[in-house]
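Here is a short tour of a protein chain, from its overall layout down to a few side chains. Have a look at the model first, then read on.

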Amino acid sequence: MIHLNRQEQVAVLFLSGALLVGSAVAVIDHHRPDRLEDFHVVPQAVEVPPPAPESVVHLPPPIVSINQATRTELESLPHIGPKTAAAIIAHREANGPFAAVDDLTAVRGIGPRTVQRLRPLVTAD
């Protein structure tokens, strides 16, 4: 047998009363549907946009010339932030134009993997 102290008895009595009141409200609401708000689905209440055409043209990203690009254009390239873009421009101004895209490895912060990722997006023209 479980022995409850006075506080626990009051708590059990209160929770039982709350359960009883909640059940009574649910039964009353169930038997008096006029008190409940009706829910209706209205077909085509909102216009549905047509599906996107399947022939959407995806343009390739523009090719950036590493010998003529501005800092902003260089920063638009993946893996090129403000410091690296400034380093590319500083190297270009100090050493002249890049002869090939692979020459980017001479810039501090650009390694062979970065050059490989940039190859389809840049040119040395």
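## Overall layout

The protein chain of this predicted model has four helices and two strands, where helices (H or I, at least four residues) and strands (E, at least two) are DSSP runs numbered from the N terminus. Starting at the N terminus, the order is α-β-α-α-α-β. With a radius of gyration of 36 Å, well over the 14 Å that the globule rule gives for 125 residues, the chain is more spread out than a compact globule; the radius is taken over C-alpha atoms, and the rule is 2.2 Å times the number of residues to the power 0.38. The C-alpha trace spans about 90 × 55 × 25 Å along its principal axes.

## The nonpolar core

Buried residues (under 20% relative accessible area, 1.4 Å probe, protein chains only) make up 20% of the 125 residues. The largest nonpolar core has 19 residues; such a core is a set of buried Ala, Val, Leu, Ile, Met, Phe, Trp, Tyr and Cys residues joined through side-chain atoms within 4.5 Å. Helix 3 (82–95) and helix 4 (112–118) each supply at least two of its residues, and the largest share, three residues, comes from helix 3.

Val122 is among the residues with the most contacts inside this core. Leaving aside residues up to four places away in sequence, Val122 touches Ile63, Val64, Ile66, Leu77 and Val101, with contact meaning heavy atoms within 4.5 Å.

## Reading the numbers

Residues are numbered from 1 along each chain as its sequence is written. Local features need pLDDT of at least 70, side-chain atom pairs count only at pLDDT 80 or more, and totals for chains, interfaces and linings use all residues, while side-chain values use heavy atoms, leaving out hydrogens and water.

Terms used: Buried < 20%, exposed > 50% of the residue type's maximum accessible area, 1.4 Å probe, protein only.
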